[in-house]
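The following paragraphs lead through the sequence and model shown here, with attention to charged side-chain pairs and to the arrangement of strands.

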Amino acid sequence: MEKRKVAIPQLKEMKKTGCKLKMVTAYDYSMASLVDKSEIEMILVGDSLGMVVLGYEGTVPVTMEDMIHHIRSVVKGAAHTLVVGDMPFMSYNISREEAIRNAGRLMKEGGADCVKLEGGQEMATIVRAIVDAGIPVMAHIGLTPQTASALGGFKVQGKDAARAAKLLADAQALEEAGAFAIVLECIPAQLARLITEKLSIPTIGIGAGPWCDGQVLVTHDMLGLFDRFVPKFVKQYANVGKVILEAFQAYAQEVNASTFPDMEHSFTMKEEELAKLE
Ligand code: KIV
């Protein structure tokens with residue numbers, strides 16, 4: 001059967017029928033093409049780009065231009081997968097107008113199908129404004145990396161009843177504001193279950209236990225391509241970094257030993273042409 005492009009209404013339907021949603025990050029065409037061949041419904045072009053691709057300490061320096069550049073290449077490889085473009089730090093926090101303009105750029109210039117932004121109740125009016133402009137929004141609460149310093153670092157959020165209640169209220173306000181799904185990052189599994197039960201939009205967990213409607217992982221973490229910091233919630237499904245390093249070492253050794261390239265990987269000219277030349 002021909003594979004169809006994943007559509008946003010389908011995600012809510014999946015929640016209703018208990019089908020799990022799967023999302024991973026990708027930042028370029030070749031990785032997106034691989035995701036597109038799998039059963040994963042969504043690609044997040046996350047601003048984790050800043051850390052795992054651009055080598056920054058965090059996500060704060062990532063710009064709109066960085067995001068548009070990478071979203072464009074992902075979209076080329078994602079014929080069937082829904083592409084979520086992450087709004088970088090300060091691209092949606094200053095005013096509603098600027099938030100709409102920048103969300104629009106991720107779709108118009110990048111080609112994203114929808115956008116994601118971080119924040120709770122305080123972002124509800126911004127989410128509403130973007131949604132009213134016709135742009136689907138995925139929300140993101142819990143540990144929000146763009147404001148990690150204000151949260152006291154990369155820590156589990158909502159561990160006591162008061163903070164957990166605040167996160168539940170955040171999730172409800174974002175649903176009310178029109179978000180079509182919500183990422184729950186680094187919160188206790190029981191709280192994620194409660195939020196998942198209370199919302200009619202899908203929850204997508206990362207470090208939020210098994211009871212969310214879906215899951216997301218950063219591809220570079222799950223494939224062993226980024227080892228500067230590996231959070232507890234990451235499961236490494238492959239160690240591609242090790243395979244790549246072994247390939248680089250083997251290549252270097254063969255070039256040193258003049259065993260690569262051999263004639264199998266070389267071009268030849270006809271003997272008579274060579275004779276003329278000589
Ligand atoms: O930028 C990102 O990759 C994210 C995920 C951690 C959800 O926001």
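**Salt bridges and the barrel**

Arg128 and Asp132 lie four residues apart in helix H6 (residues 124-132), so about one helical turn separates them. Helices (H or I, at least four residues) and strands (E, at least two) are DSSP runs, numbered from the N terminus. Residues are numbered from 1 along each chain as its sequence is written. The model is predicted: local features need pLDDT of at least 70, side-chain atom pairs count only at pLDDT 80 or more, and totals for chains, interfaces and linings use all residues, while side-chain values use heavy atoms, with hydrogens and water left out.

Arg128 and Asp132 form a salt bridge, with their closest N and O atoms 3.1 Å apart; the term denotes a side-chain nitrogen of Lys or Arg within 4 Å of a carboxyl oxygen of Asp or Glu. Side chains of opposite charge can pair when their charged atoms come close. Arg128 is partly exposed, at a relative accessible area of 33%, whereas Asp132 is exposed, at 55%. Here, buried means under 20% relative accessible area, exposed over 50%, and partly exposed in between (1.4 Å probe, protein chains only).

A search of the whole structure finds twelve salt bridges. One of them joins the side chains of Lys116 and Asp86, at 3.0 Å from N to O. This pair links distant parts of the chain, since Lys116 belongs to strand E4 (residues 114-118) and Asp86 to strand E3 (residues 82-86), 30 residues apart. Both Lys116 and Asp86 are buried.

Asp160 and Arg163 also form a salt bridge, their closest N and O atoms being 2.6 Å apart. Asp160 is partly exposed, with a relative accessible area of 33%, and Arg163 is exposed, with 53%.

How are the strands arranged? Eight strands close into a barrel in the order E1-E2-E3-E4-E5-E6-E7-E8, with parallel pairing. Neighbouring strands of this sheet are turned by 25 degrees against each other on average, direction ignored. Two strands pair if DSSP finds at least two bridges between them. E4 and strand E5 (residues 137-142) run parallel and are joined by four bridges; Leu117 has Ala139 in E5 as its bridge partner.

Helix H7 (residues 161-176) packs on the sheet, touching E5 and strand E6 (181-185) (contact: heavy atoms within 4.5 Å). The direction of H7 makes about 175 degrees with that of E5; axes are lines fitted to C-alpha atoms, for helices over the stretch in contact, and angles run from 0 to 180 degrees between N-to-C directions.
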